Amino acid sequence: MSLDLDGLGLAPDLADVMTRLAATGAELALRIARGSIEADLAASAGTNAGGDGQKALDVIADEAFMAALRGSAVAFYASEEQDDIVAMGTGTLALAIDPLDGSSNIDVNISIGTIFSIFPVAATPEANFLRPGHEQIAAGYILYGPQVMLVASFGQGVQQWVLDPVRREFVRIHDVRPLPLETSEFAINASNYRHWPAPVRAFIDDLVAGADGPRGRNFNMRWIASLVAETHRILTRGGVFLYPADKRKGYERGRLRLLYECAPIAMLITQAGGAATDGADPILGAVPDGLHARTGFVFGTAAKVARVAAYHDLPEDEASALFSTRGLFRS
Ligand SMILES: O=P(O)(O)OC[C@H]1O[C@](O)(COP(=O)(O)O)[C@@H](O)[C@@H]1O
Ligand SMILES: [Mg+2]
Ligand SMILES: [Mg+2]
């Protein structure tokens, strides 16, 4: 397996880590393609540190990336599937990873992915990861979809590669283009509507009201339930994604993880000219208070992300008033 990194000016340590990640992604893609023939990759396999059920592929992916990074410049490894930081040896880098994103889609043959975040090594194990996302030196994802893709940023735009399944090499294609300034597509799990805070309900109500509402035009909705696939769609054609904190037990601080889901996606989106917040404040300025800390997450076309933040600026009673006049989902 090879990965074309020519012209990116990466330090040899980082280039080696990227090549190992890509090679592991290519191997996993092969296993995923053979899922159900070889093994049931969606079989239940326990519970992770964050209390989420693990599937067989979650564990396989975690073990594969950890093994592939041994002997690399990655000195510390933090994973969704590991309770604690794993010390890997000496090196200049720390890597946080969601080895398998979109686990609920494994058994239905819908796109899934891997998300990674790379920092320069710090003085203590915790200091490698409990830091703001703007200190990342690289972030990216591997998308296991109809095409297997690697999408990454090293702080200068967003680069992307497609895995050629015949030659087994990641071929670099055009860089991600700046996100369009206008968008008509939004992504949110609307089944949680009744649990959302008033500003989110008011924002979505106005989109759903379409041409008949205050926005005066129609919007379209998508929800894949794979953050990687959702991000790839938004990087390709714009849009806005919301997974807000909500009133359900365990979701008071959102669903997605700041360290290995939101911070790397925020770096990619920001590098593509978009924006990412927890609803109000920039994700890249947030410091996780634990490896598995969750956060509300809103990202995509900058104007839309700013509009969500503006709804949060409304006094609670005003947003609620908007909601009661525009509560389209109420019978
Ligand atoms: O099932 P829900 O609540 O809509 O959540 C979907 C979200 O959960 C995730 O699957 C969480 O990631 P994991 O699969 O890595 O736990 C995201 O990919 C996705 O955006
Ligand atoms: Mg995930
Ligand atoms: Mg995961």
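**A helix residue, a metal site and a helix pair**

Modeller: This is a predicted model. Thr-24 has a relative accessibility of 4%, so it counts as buried. The cut-off for buried is under 20%. Thr-24 belongs to helix H1, which covers residues 12-33. Leaving aside residues up to four places away in sequence, Thr-24 touches Ala-64, Phe-65 and Ala-68.

Now the metal site. The magnesium ion (ligand 3) has three protein donor residues: Glu-80 through OE, Asp-98 through OD and Leu-100 through O. These donors lie 2.1 to 2.2 Å from the ion. Along the sequence, the donor residues follow the spacing E-x17-D-x1-L. Glu-80 sits in the loop between strand E4 (74-79) and strand E5 (86-87), and Leu-100 sits in strand E6 (residues 93-101), so the pair ties together parts that are 20 residues apart in sequence. Glu-80 and Leu-100 are both buried. Asp-98 also bridges two ions: the magnesium ion (ligand 3) and the magnesium ion (ligand 2). The two ions are 3.7 Å apart.

Last, a helix pair. Helix H4 (residues 227-237) and helix H5 (residues 258-271) have axes that come within 11 Å and cross at roughly 10°. Angles under 35 degrees count as roughly parallel, and H4 and H5 are therefore roughly parallel to each other. H4 contributes Leu-227, Thr-231, Ile-234 and Leu-235 to the contact. H5 contributes Glu-261, Ile-265, Leu-268 and Ile-269. By type, the residues of this H4 and H5 contact are six nonpolar, one polar and one charged.

Terms used: Residues numbered from 1 in each chain as written. Chains lettered and ligands numbered in written order. Predicted model: local features only at pLDDT ≥ 70, side-chain atom pairs only at ≥ 80, totals over all residues. Heavy atoms only, no water. Donors = N, O, S within 2.8 Å, 3.2 Å for Na, K, Ca; no water. Helix = DSSP H or I, 4+ residues; strand = E, 2+ residues; numbered from the N terminus. Buried < 20%, exposed > 50% of the residue type's maximum accessible area, 1.4 Å probe, protein only. Contact = heavy atoms within 4.5 Å. Axes fitted to C-alpha atoms, helices over the stretch in contact; angles between N-to-C directions. Parallel < 35°, antiparallel > 145°, perpendicular 65-115°, else oblique. Nonpolar A, V, L, I, M, F, W, Y, C, P; charged D, E, K, R; others polar.
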